[in-house]
Amino acid sequence: MIPFSRSFLPCFMKLLTRYPCRNTWESFCRFSSYVTQQQPQRGPGAPLSASVDAHGGVTVCNLPADVTEAAFSELLRESVCVWRSEGRVAVWLRVPLCRSRLAEAAALQGFTFHHAVRDEAVLSLWMGDGESRLPSYATHQVGVAGAVVNQSNGKVLVVQDKNRAKNMWKFPGGLSNPSENVGDTAVREVFEETGIRSEFRSLVSIRQQHHHPGAFGNSDMYLICRLAPVTYEINFCKHECLRCEWMDLAELAKISDAAPITSRIAKLLLFGLQNGFENIDLSMEELPAVYTGLVYQIYHRKIPERYK
């Protein structure tokens, strides 16, 4: 039998205090599990397991199972002390919905809600000098529309939304899904609303609007992409759209029952149709990100080969 170290008794008593057990054998088994499984994951000194980020903060993802609020409060207090001594500037605490009772213990130690998504809330604690420099949670929603232009006849695909107080012609579109490229959003939304299959060609405009009623008062980014049609027969979604048709760009640029942004982009597309889309297109190129293994999409006017 391997002899216990001198630290056995203090650690064992500490464990009994944090995690009350029904009998001595259960306590011993729990202590054994604690020593052999939990301790290597904790990191240097801190009772709570945490990962260190590139900005000097730590993130706690895996909270102890079946821990009481009082025991968790003590674990968190001791961990924060360790992280402060290590010079960490922030703590991110990810609390699953099923353990939301632990959020109160964190709040009593200065943590505040940063954001919540589905079944998890993220709390944060700033430990650096001065006022908190932690970034706010995402405050924008991204909407994308697809302007499907048929270059052979100068027509563009437009819809009128259903259940609107004022039905105006617009380009089909909707909100971009998480991790979805804007070009993919435009192609998907056009197909879902109109039944038309298309291909992404370029980004042509970006609208930024703050205090948007449809974004819970946050900011809204609305991007319009130029798409090329692959199919032409309309089979629009009657749950979302009242009308859908191919309309002459010149007509769309003039009619009064089109949204202001639709009229403006119709004029831009008409200019591109007559003078070359290379004069209005923001083409997309994929480049490697500074984060290993990740890429990003950049949109800009085409660069002449001699400058690449």
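Is Glu120 buried, partly exposed or exposed, and at what relative accessibility? Glu120 counts as partly exposed, at 23% relative accessibility. Here buried means under 20% relative accessible area, exposed means over 50%, and partly exposed lies in between, with a 1.4 Å probe and protein chains only.

Colleagues, a word on the source. This is a predicted model, in which local features need pLDDT of at least 70 and side-chain atom pairs count only at pLDDT 80 or more, while totals for chains, interfaces and linings use all residues. Residues are numbered from 1 along each chain as its sequence is written, and side-chain values use heavy atoms, with hydrogens and water left out.

I begin with the chain as a whole. The chain holds seven helices and 14 strands; these are DSSP runs numbered from the N terminus, helices being H or I of at least four residues and strands E of at least two. Of its 308 residues, 39% count as buried. The accessible surface comes to about 18700 Å², and 54% of that belongs to carbon and sulfur atoms. Such areas come from the Shrake-Rupley method with a 1.4 Å probe, and for residues only the protein chains shown count as cover. Among contacts with a separation of 6 or more, 60% are between residues 24 or more positions apart, a contact being heavy atoms within 4.5 Å.

The largest nonpolar core has 25 residues, of which Phe72, Leu76, Trp83, Leu93, Phe111 and Leu123 touch the most other members. By nonpolar core I mean a set of buried Ala, Val, Leu, Ile, Met, Phe, Trp, Tyr and Cys residues joined through side-chain atoms within 4.5 Å. Two or more residues each are given to this core by strand S2 (57-60), helix H3 (69-85), strand S3 (90-96), helix H4 (102-107) and strand S5 (120-126). H3 supplies the largest share, seven residues. Trp83 is in contact, beyond its neighbours within four places in sequence, with Ala46, Leu48, Ala50, Val58, Val60, Arg88, Val91 and Met127. There is also a second, separate core of 22 residues, which includes Val204, Leu249, Ala266 and Phe277.

Next, the charged pairs. Side chains of opposite charge can pair when their charged atoms come close. The whole structure contains 13 salt bridges, each defined as a side-chain nitrogen of Lys or Arg within 4 Å of a carboxyl oxygen of Asp or Glu. Our opening residue, Glu120, is in one of them: its partner is Arg94, and the closest N and O atoms are 2.9 Å apart. Arg94 sits in strand S3 and Glu120 in strand S5, so that this pair, 26 residues apart, links distant parts of the chain. Arg94 is likewise partly exposed, at 28% relative accessibility.

A second pair, Asp281 and Arg226, meets in a salt bridge with an N to O distance of 2.8 Å. Because Asp281 lies in the loop between helix H7 (260-275) and S13 while Arg226 lies in strand S11 (residues 219-229), the pair ties together parts that are 55 residues apart in sequence. Asp281 counts as buried at 12% relative accessibility, and Arg226 is buried with a relative accessible area of 7%. Elsewhere, salt bridges that share partners join Glu180, Arg188, Glu189 and Glu192 into one network. Within that group, the side chains of Arg188 and Glu189 meet at 3.1 Å, N to O, and Glu189 is buried at 8% relative accessibility.

What of the cysteines? A disulfide is a covalent bond between the sulfur atoms of two cysteines. With a cut-off of 2.5 Å between cysteine sulfur atoms, the search of the whole structure finds zero disulfides. For Cys237, the nearest cysteine sulfur is that of Cys241, 6.2 Å away; Cys237 counts as buried at 18% relative accessibility. The sulfur of Cys244 is 6.3 Å from its closest cysteine sulfur, also in Cys241, and that is too far for a bond. Cys244 is buried too, at 12% relative accessibility.

I close with the surface. Val290, Tyr291 and Leu294 make a nonpolar patch of about 380 Å². Patches are made of residues with over 30% relative accessible area and no salt bridge, like charges being joined within 9 Å and nonpolar side chains (Val, Leu, Ile, Met, Phe, Trp, Tyr) within 5 Å. Tyr291 is found in the loop between strand S13 (283-288) and strand S14 (295-300), and this residue is exposed, with a relative accessible area of 57%.
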